[in-house]
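These are my notebook entries on a structure that I looked up.

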Amino acid sequence: MACDLADEIVLGGLPAVAVAANEALRSASTKVSMDDVASHSSRQDCWVVLYGEAFDVTEYVQHHPGKDFLLQAAGKDASGLFESIHGRKGKAVLKSEGFRSRYLVGKVERDEPEEFTFVNDVVYQELSSEVEAYFRSVAGTKWAKGGFCEQVVVYIKFALIMVLALFTKYQSVIGSGSLVNSIMLGVAMLLVIFNISHGACHGELIMRYPTWFSKASQWAHVFLGSRHADWMAWHNMSHHQHTNTHSDLDTNRGMPFFRMHDEDRYSWYIRYQHFYVWFIYPLTHIVTFIQRERGFAALHILTCNLLSFTLAGRFCMWQLLIESLVFGFGFVMINHITHANDEAEYVHRPTTKVGWGEHQLRSSSNWCMDSRVVTMLLGGINYQIEHHLFQSIHHIHYPEMSKIVRRVSKKQNVPYVSFPTYFAALCSHTKLLVRMGTPL
C-alpha cells in the first residue's frame with residue numbers, strides 16, 4: 001500500500017471512550033468550530049479534524065501505531081497529513097462505524113472555506129491506487145516497504161552519519177574546534193536532517209522498525225539545536241498540508257526581506273533581492289530553527305559552552321555560529337528551490353477548490369532525478385513531488401514511484417516539474433527572485 005500508518009489497526013481491540021460527558025456530542029449532526037477544536041490540544045485532551053469532522057482521539061493515541069506521532073495534530077486540521085500517510089485500510093478505519101461511534105465529535109464549521117478538496121481529488125485517488133498496486137506487486141521481495149534494500153540503507157546511513165555527527169560535534173565542543181571541523185559539522189547537520197530525522201518525523205520508520213530506533217532517529221534532530229516535535233508542528237502540519245499557500249510557514253518565512261509571490265508586499269529594496277538574498281540565506285538556521293525554540297536552543301548553546309569550558313578550557317560560540325551558517329545556507333539552497341522557483345505554482349488563498357494531491361503536484365518540483373548519488377546523499381529531497389504526495393514512504397522507493405506519478409500527471413494533464421540539474425533549478429529560483437523584484 002502507498003501509505004499505511006494505521007492500516008494494521010484492529011478496531012475490536014480498542015476500548016470504548018469512557019468520557020460520559022462527551023457521549024452526547026458524538027454525532028455527525030453536532031457542529032463545532034475550529035476554536036473549539038484548538039482548545040483540545042494536549043495529550044490529556046486531544047481533538048483532531050479529518051475531512052471536515054472533529055474526532056476526540058484522546059483515548060485512541062495509545063492504540064495508534066505511531067503513538068505520540070498523532071499528537072502533532074492535536075487541536076488542528078490534519079486532513080492533508082492523514083491523506084498522504086494512510087492507505088485504504090487506514091481510511092476504512094476512519095470511516096468504520098466502530099471508530100466513528102467511539103471518537104466522532106461532530107462536523108466542523110469554519111469561518112473560511114477549506115483550501116482543498118479530498119473527496120473529488122481524482123488525481124490523488126488514481127496516484128494512490130497505482131502506488132498501492134506497485135507495492136503489492138513487490139510485497140515480500142527485497143524492494144518491499146521495510147524490505148531488505150530499504151533496511152540496509154536506513155541502518156547504514158544512521159550508523160555512518162551519526163558517527164560523523166558525533167565526531168564533529170566532539171571536535172567542535174571539546175577537541176580542536178578548527179574552522180574546517182565547524183564546516184564539517186554544518187555538513188553533518190545537513191546529512192542528519194535530510195537522511196535521519198526528516199524521514200523519521202514523517203513516520204517512515206513507525207510501522208516496520210523498532211520503536212526505539214524510530215524515536216532515536218527523531219531525536220537526532222537535537223544536533224540542529226532544536227526539538228523534533230517543533231519541527232513536526234510547523235513542517236508537517238503547515239508546509240506539507242498547505243504547500244505554497246498563505247498558510248505555509250516555510251514559504252512565507254522570509255517576509256519582509258524577500259518577495260517570492262505576487263501577494264507579498266513590495267518595498268523599494270526588493271528589486272535588489274536577487275543580489276542580497278544569498279547573504280541572508282545562511283541565517284536560515286537561526287531564524288527558522290532557533291528562533292522558534294529559543295528556550296531549547298539556549299539550553300543547547302549553554303550546555304555546549306559549559307562542556308567546552310570545563311573540558312577544553314575555552315568557549316565554543318564561534319564554532320556554533322560557523323556550523324549554524326553552513327547548515328542554514330546549505331539547507332535553504334538544497335530545499336528552498338524545490339518550491340520557490342519560476343515553475344512551481346503558488347496560490348495565496350485558493351478561490352476554487354482544487355484537489356489536495358493535484359495541488360502538491362503543481363506546487364512542488366524535482367531536480368537531478370537521474371542521479372542516485374544525489375538522491376542517496378540528500379535523502380530523496382530532490383524527489384520533492386513524490387515526497388509531498390507520499391511523505392511516510394522511504395526515499396529509496398521514489399525513483400520507481402516517480403514513473404507512476406509522471407504517467408498519471410500526464411494522463412490527468414497536470415504539470416510535473418522536474419529540472420535536469422541542480423543548476424537549472426537554481427536558475428529558476430533566481431529567475432523568480434528577479435521577477436518578483438520587478439517594480440510594480
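Entry 1, the largest pocket. I classed the lining of the largest pocket and found seven nonpolar, eight polar and 10 charged residues. I counted Ala, Val, Leu, Ile, Met, Phe, Trp, Tyr, Cys and Pro as nonpolar, Asp, Glu, Lys and Arg as charged, and the others, Gly among them, as polar. The largest pocket holds about 770 Å³ of space. Of its 25 lining residues, Met 34, Asp 77, Arg 110, His 242 and Ser 247 are the closest to its centre. On a 1 Å grid over the protein atoms alone, a pocket is an open set of points where a 1.4 Å probe fits, with protein on both sides within 12 Å along at least five of seven lines, and lining residues have an atom within 4 Å of a point.

The model is predicted: local features need pLDDT of at least 70, side-chain atom pairs count only at pLDDT 80 or more, and totals for chains, interfaces and linings use all residues. Residues are numbered from 1 along each chain as its sequence is written, and side-chain values use heavy atoms, with hydrogens and water left out.

Most residues other than glycine have a negative phi. I noted that Asn 244, not a glycine, has a positive phi of about 55°. Asn 244 counts as buried because its relative accessibility is 2%, where buried means under 20% relative accessible area, exposed over 50% and partly exposed in between (1.4 Å probe, protein chains only). I also noted Cys 368, with a positive phi near 50°. Cys 368 is buried, at a relative accessible area of 14%.

Key: Points joined across faces, edges and corners; volume = space filled by probe spheres on them.
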